[in-house]
Structures are given as structure tokens and as C-alpha cells.
Amino acid sequence: MDLDRYDVVIVGGGPIGCITGESIKHHKVLIVEEHSAVGVPLQCGGLVSKKGVKELGYPKGVVNKVKGAYIFSKNRSIKIEDRDIRAYVFERKIMDKDIAKRVSKKVDFLLKAYGRLVKTPYHQKENRSENILNFKNQIKKKGYTLSVSFMGDNYRLNPKVIVGADGVRSSIGRSAGIPMIREVLSGAQLEMVNVNVDSDFVYIFLDKSYSKDFFAWIIPMGEDRVRVGLCDTSDGYNKLINLIENHPVVSQMLKGGIPVEFSVGALPIGYAKETVKNNLLLVGDAAGHVKPLSGGGLYYGAKCAKICGNVIEEYLREEHDIGYLKKYHKLWKREIWREIDFGLKFRRILKKMDNNKIDKLLEFIEKNELIDYIVEKGDMDNPSKVLEGIFKKFLGNCIKSLLN
Ligand SMILES: Cc1cc2nc3c(=O)[nH]c(=O)nc-3n(C[C@H](O)[C@H](O)[C@H](O)COP(=O)(O)OP(=O)(O)OC[C@H]3O[C@@H](n4cnc5c(N)ncnc54)[C@H](O)[C@@H]3O)c2cc1C
């Protein structure tokens with residue numbers, strides 16, 4: 001098997017690795033995926049905005065469309081409803097396969113193959129100290145190399161560019177010593193059937209007694225099928241079970257429901273300090289391309305994947321100096337950094353709010369007729385403007401009531 005003929009090797013066959021590969025138009029690309037199929041195991045609520053669906057290339061797998069959300073705090077709730085569809089609910093296994101199928105027309109896949117960054121260049125065998133020296137020179141001159149384990153054999157690959165699209169744990173990023181400034185949240189999710197929900201809305205539960213530092217959700221997949229999930233700093237699974245059994249609204253909504261699929265996963269909230277190191281680039285969850293307030297990673301990831309692929313294409317086509325790849329870091333930051341930065345700051349405020357304050361915030365939104373403002377201006381991919389506006393008004397109101 002001649003695996004050393006690829007210009008680019010992407011480690012990770014998730015949607016973001018695939019879209020990166022698809023964007024490298026005129027060079028040989030290999031995607032290395034550790035699982036025997038793409039899209040498994042499921043680790044996603046599958047909720048994607050209209051813009052996100054476009055960015056992902058309109059993949060198959062839509063199972064529901066939603067027009068808004070019910071947001072519950074401990075003692076209050078608001079309903080945000082648009083006339084139009086605001087987001088789509090996907091069956092991720094179908095979406096991921098469809099994206100991979102589309103991409104496979106020009107990109108090769110190696111499934112059940114595990115990629116590692118190599119510390120020693122494969123053509124250096126003899127003297128260890130000489131090896132290390134040579135590797136350093138090679139990194140300076142050419143960059144990292146890869147080792148791929150496949151069917152019991154190890155293959156050494158020496159592509160011009162390596163992409164780490166290997167998800168939240170990114171062993172590729174860690175091997176390169178790329179510093180991550182982030183939290184990793186623990187998530188758990190159950191698909192349940194035989195439930196009865198208003199399938200036009202998602203349900204968000206902001207209640208610190210169930211999830212102290214994030215939130216819980218119910219995403220309808222149709223009239224009698226939902227995904228119920230929760231993320232928090234730790235112990236997502238037990239907290240989810242507690243939510244389903246004891247939350248006054250959730251337990252009623254899901255009464256009689258039968259679980260048919262269980263999944264756990266991790267959410268990276270933060271970012272990689274550098275996403276380009278020599279000939280290595282990180283993208284998607286591996287780079288922290290995730291919305292800090294919702295955990296959604298498909299829209300930002302797909303956007304950055306295209307930037308990543310385009311920069312690699314230009315680098316190879318025009319035979320630029322290796323430093324050219326740094327352009328990717330600048331370009332993706334230009335696109336989504338403001339939102340990530342705002343999201344991280346806003347998250348710090350939310351973490352400090354207790355249930356009483358969250359109740360007050362929802363009450364304030366309802367009493368001040370801000371729901372129409374949210375419907376009109378709200379954007380689930382770029383929430384900073386609307387949230388900033390609401391929060392300034394809310395804080396102004398808190399200060400006023402303190403002064404009176
Ligand atoms: C509970 C939960 C709910 C979520 N809900 C939503 C949602 O509703 N909407 C949304 O937009 N986002 C959601 N997300 C986030 C979303 O799932 C991710 O942002 C998205 O999957 C990131 O795609 P990716 O391709 O970067 O990484 P992944 O989908 O994680 O793909 C990485 C791939 O790399 C492979 N891999 C890893 N290491 C190696 C290796 N060394 N060699 C070979 N292969 C390797 C893995 O097997 C995997 O297939 C959710 C996440 C969680 C945990």
C-alpha cells in the first residue's frame with residue numbers, strides 16, 4: 001500500500017476533517033479515521049442553524065425543523081418563536097456519512113487507521129542523537145511526519161501538510177505541544193421515543209441544581225422522538241439521569257418515554273493558542289472552533305475547515321514558504337474570534353449567576369418585551385450583539401433598582 005503519495009494527510013474523518021479535505025481542490029488528500037465507519041459513535045444533539053446547514057453543504061439527515069425555543073429557568077419560562085424555520089435537527093450518522101460520501105469523490109479514506117505525529121523521521125535509523133538532531137532539522141526544513149497504524153501494521157507517512165481534525169481530545173495537537181486554553185465539559189445524551197412534545201421548538205433548561213455550569217436540552221427529532229441531554233463540568237451521565245427523573249418539567253415531558261440510544265461526549269470550551277505549527281494545522285473541535293455558550297461546533301468548524309483547506313491549497317499550488325500556512329490562523333480568527341471571545345466572557349458571567357438571578361433575567365426579558373427583539377435580531381451563530389444589548393439593559397435595570 002503506497003500511503004506516502006499524499007500531499008496532505010488529515011487525521012480525523014469527522015465532518016470537519018472531511019470538509020477540510022474537500023476544500024483542497026487540486027492535491028492528493030488522505031483522511032485517516034480510527035473508527036470502522038464515519039459518524040459513529042454519536043456525540044451530538046444534531047441542531048444546526050440555517051447558515052450552518054449551508055456551510056456543511058446541505059447534507060442529508062434532516063429529521064426535524066424548529067422555529068424557536070422554550071427557555072426554562074428554575075421558576076420561569078419564556079417562549080421564543082419565529083414564523084420561519086430557525087434551525088434543523090439532523091441524524092448525525094446520516095449527515096456524517098453523506099458528507100464523507102460527497103468528499104470521497106476526490107479524497108481517499110483509510111478507515112480503522114490511527115494517526116500519530118512521529119518524533120523520529122522514518123529514514124533515520126542508526127544513531128539516536130543523530131536522529132534527534134536530524135529530526136529537528138527536518139522539522140525546521142520540512143515539518144512533522146506521521147505514523148499510521150492500520151490492520152496491525154505501522155506505516156510512516158511524510159506528507160507536505162498534516163491536519164489534526166481529530167476532535168476534542170486531539171492527540172495530534174497534544175503531541176505537537178500546542179497549548180490549549182479551555183475547559184472540557186462532560187456531556188451525556190439519550191434518545192427517547194414514545195414521548196409527546198411540541199416538535200417545533202427546542203427546550204433549554206437553565207437550572208443550576210441540574211447543570212451548575214452549562215445547561216440541559218430536549219431536542220425534538222419528530223413528534224414522538226427526542227434527544228434529551230446535559231453538559232456540565234463533570235459527571236454528565238448521572239446529572240442527566242437526575243434531570244430525567246426529577247426535573248419537574250422534563251420528567252413530565254418524558255413520562256413513559258423509552259430510551260433507544262445513549263451517548264456520551266466531551267465539549268471543548270476555549271481555544272488552541274496556536275493552530276499552525278510548521279506543517280501542522282488544527283481545525284474543528286481539535287482547535288476549539290466551538291460556540292462557548294451553546295457548545296455547537298458544526299457551523300464554526302465547517303467555516304474554519306474551508307479556510308484551512310483553501311490556505312493549504314494556495315500553499316501547495318503556489319509553492320509558498322512554510323510560514324504561509326500561518327495565514328490560516330489569522331483568517332479563522334478574523335471570522336469567528338469576536339464571537340468566541342465574547343462567548344467566553346459571557347460564560348464567566350453566567351457561571352456566577354444563581355438560579356434567582358436567572359429567574360430575574362427571564363422575567364426582565366418578558367416584561368420588557370425583549371422577546372420580539374430576540375426574534376428579530378437573534379442569531380444562534382453570532383449571539384453577541386443581542387446578548388450584549390439585553391445584558392446592558394438588564395444590568396442598568398439592576399443598578400436602578402438598587403438606587404431606588
Ligand atoms: C453532547 C454533545 C452535543 C452536541 N450537540 C451539538 C449540536 O447540537 N450542534 C452542533 O453544531 N454541535 C454539537 N456538538 C459539537 C459537535 O458534535 C462537534 O463540534 C463536531 O462533531 C466537531 O466535528 P470534528 O470533525 O471537529 O470532530 P469529531 O466529530 O469529534 O471527529 C473527529 C474524528 O477524529 C477521529 N480521530 C480522533 N483521533 C484520531 C486519530 N488519532 N487517528 C484517526 N482518527 C482519529 C475520531 O474517531 C472522529 O471520527 C455537540 C457535542 C456534544 C459532546
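Two strands count as a pair if DSSP finds at least two bridges between them, and the close-up views below apply this rule to a predicted model.

**View 1. The open sheet built from β3, β7 and β4.** Three strands lie in the order β3-β7-β4 and form an open sheet in which the pairing is antiparallel. The edges are taken by β3 (47-49) and β4 (62-66), and because each of them has a single partner strand, one side of each is left without a neighbour in the sheet. On average, neighbouring strands of this sheet are turned by 30° against each other, direction ignored. Strand β3 and strand β7 (residues 87-90) run antiparallel and are joined by 3 bridges; to find one of these contacts, look for Leu 47, whose bridge partner in β7 is Val 89. Strands of a sheet pair through backbone hydrogen bonds, either parallel or antiparallel.

View 2. Arg 86 is placed in the loop between β6 (77-81) and β7. Is this residue buried or exposed? Arg 86 counts as buried because it has 23 C-beta neighbours inside 10 Å, and the cut-off for a buried residue is 20 or more. When residues up to four places away in sequence are not counted, Arg 86 touches Val 66, Lys 67 and Gly 68. Arg 86 and Arg 334 are 248 residues apart in sequence, and from C-alpha to C-alpha they are 25 Å apart in space.

View 3. Most residues other than glycine have a negative phi. Tyr 58, although it is not a glycine, has a positive phi of about 50°, and its place is in the loop between α2 (50-55) and β4. Tyr 58 is exposed, because 11 other C-beta atoms lie within 10 Å of its own and a residue with 12 or fewer is classed in this way. Asn 278, also a residue other than glycine, has a positive phi near 55°, and it lies in the loop between β18 and β19. With 18 C-beta neighbours inside 10 Å, Asn 278 counts as partly exposed.

**View 4. The open sheet built from β9, β10 and β11.** Here 3 strands in the order β9-β10-β11 form an open sheet, and the pairing is antiparallel. The edge strands are β9 (113-118) and β11 (153-157), each of which pairs on one side only. Neighbouring strands of this sheet are turned by 25° against each other on average, direction ignored. Strand β9 is joined to strand β10 (residues 145-150) by 6 bridges, and Gly 115 stands opposite Val 148 in β10. On the other pairing, β10 and β11 run in the antiparallel sense over 5 bridges, with Leu 157 in β11 as the bridge partner of Leu 146.

**View 5. The largest nonpolar core and helix α8.** This core has 104 residues, of which Val 163, Leu 281, Val 283 and Cys 308 touch the most other members. Helix α8 (residues 298-317) gives the most to the core, with 11 residues. Leaving aside its neighbours within four places in sequence, Leu 281 is in contact with several residues, including Val 161, Val 163, Cys 308 and Tyr 328. Helix α8 is mostly covered, since 15 of its 20 residues are buried. At 1.5 Å a residue, the 20 residues of α8 should span 28 Å, and this agrees with its end C-alpha atoms, which are 28 Å apart. The helix is followed by Glu 319, whose phi is positive, near 50°.

**View 6. Helix α9 and its bend.** The 26 residues of helix α9 (residues 327-352) should span 38 Å at 1.5 Å a residue, and the 37 Å between its end C-alpha atoms agrees with this. Where does α9 bend? The bend is at Ile 336 and amounts to about 60°. Ile 336 is also one of the buried residues of α9, among them Tyr 328, His 329 and Trp 332. The buried residues of this helix pack against β17 (258-272), β18 (276-277), β19 (280-282) and α8.

Technical notes
Residues numbered from 1 in each chain as written. Predicted model: local features only at pLDDT ≥ 70, side-chain atom pairs only at ≥ 80, totals over all residues. Helix = DSSP H or I, 4+ residues; strand = E, 2+ residues; numbered from the N terminus. Axes fitted to C-alpha atoms, helices over the stretch in contact; angles between N-to-C directions. Core = buried A, V, L, I, M, F, W, Y, C linked by C-beta atoms within 7 Å. Contact = placed C-beta atoms within 7 Å. Expected span 1.5 Å × (residues − 1). Bend = angle between axes of the 7 residues up to and from the residue.
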